[in-house]
Amino acid sequence: MNVILEIMLASQGWYGLATAQSKIFNSPTNIFEPAATPAHSIFGLSMLVFGITGAIFIVVAGLLLYALIRYRSPATGGENFQEPPQIYGSNQIELSWTVIPILLVVILFLATARVVYSTEHAQRPSEALNVSVIGHQFWWEYRYPKLGIVTANEVHIPVSGPRDHMPTYLTMSSADTDHSFWVPRLSGKTDVIPNKVNEMWFDPEAAGIYLGQCAEYCGTSHAKMLIRVYADSPQAFSAWVANQQKPAVEDPSVKEGRDVFEHNACINCHTIRGTVATGRFGPDLTHLASRDTILSGSVPNTAINLHNFIQNPEYLKPGVLMPEMHLNDHDLDAVTAYLGTLK
Ligand code: CUA
């Protein structure tokens, strides 16, 4: 009976491990599944470093293990115990353990320098898309200067295939403290810091959503500062651009909610293009309902989440800079309904 139980437990363990593995390898943030040029270069370099350090580990650990077993004392079952030959000073050995590591370090240095240089000094094609990324506590602002679009938390870019090569160049700055932009399948981390503009680029080869995370502790809700990169087909990207360029839709059925929004402090921090709301401190809400998530990718964009967040911002996003507006239930429902129409 016990044996059967143990086999069942063991197979469950293996099953659990296999599921964990498939979760890691199918994860949208898998560093072993690069999907853009910079990520491919970093992956290749990592494999080289891993190969060299792995070989060093095997040689050193193998020699150590051999010495441990071969020369163990008779008290622990060693039969061949004898003092190994003692060598005092050997130019050959000293040269080899000096020259080989120096050569390895030079190889690693040159390979790294090549990847850094080829990523940072890549030829920027004139058709490249420009996006300004501004880090805030705790959300991402995306501005497309040539297209006149401002959005938040979900950045749409065109896919960059061999036929339509259209890489995206990000110009990054921070409105407050240090953040770091990291989408593992697309590129390495780049710091997003005040008073300095950093740049990065990527060219996702397949359409899809690439996830990332703010990778520099920036405050209480740092862990909820997620990144969502939507790589769209050229047609889907054009359609998205055309919709985002429009001013906010006017839906007479939610006029009451719009009035509540415009007669409260909401307008001091948020922009809804085409209305009196022109604040820059919080996310642009002109097309809020066109996004899949709210709160920087941390919850789905549903009416109930929106309602709960406006009612008590601190609950879903600790440390958030948005204050409680103390709206009564009626006004809260009206504002939620209004925001839900901003497609
Ligand atoms: Cu922004 Cu951590």
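This is a predicted model: local features need pLDDT of at least 70, side-chain atom pairs count only at pLDDT 80 or more; totals for chains, interfaces and linings use all residues.

Student: At what angle do α2 and α3 pack?

Tutor: About 175 degrees, and their axes are 10 Å apart. Helix α2 covers residues 37–70 and helix α3 covers 91–120. An angle over 145 degrees counts as roughly antiparallel, so that's what α2 is relative to α3.

Student: Which residues of α2 and α3 make the contact?

Tutor: On α2 it's P38, S41, I42, L45, L48, V49, I52 and I56. From α3 you get L104, I107, L108, A111, T112, V115 and T119.

Student: How do those divide into nonpolar, polar and charged?

Tutor: Twelve are nonpolar, three are polar and none are charged.

Student: Switching to strands: what's the order in the five-stranded open sheet?

Tutor: β4-β10-β9-β6-β7, with mixed pairing.

Student: Which strands stand at the edges?

Tutor: β4 (154–158) and β7 (190–192). Each has a single partner strand, so one side of each lacks a neighbour in the sheet. On average, neighbouring strands here are turned by 30 degrees against each other, ignoring direction.

Student: And how many bridges join β6 to β9?

Tutor: Two, with the strands running antiparallel. F181 has C214 of β9 as its bridge partner.

Student: What about β2 and β3, what do they form?

Tutor: A hairpin, with four residues between the strands. β2 (139–144) and β3 (149–152) run antiparallel and are joined by four bridges. Y144 is bridged to I149 in β3.

Student: Which residue in that turn has a positive phi?

Tutor: G148, at about 70 degrees.

Notes
Residues are numbered from 1 along each chain as its sequence is written. Side-chain values use heavy atoms; hydrogens and water are left out. Axes are lines fitted to C-alpha atoms, for helices over the stretch in contact, and angles run from 0 to 180 degrees between N-to-C directions. Angles under 35 degrees count as roughly parallel, over 145 as roughly antiparallel, 65 to 115 as roughly perpendicular and the rest as oblique. Contact means heavy atoms within 4.5 Å. Ala, Val, Leu, Ile, Met, Phe, Trp, Tyr, Cys and Pro count as nonpolar, Asp, Glu, Lys and Arg as charged, and the others, Gly among them, as polar. Two strands pair if DSSP finds at least two bridges between them.
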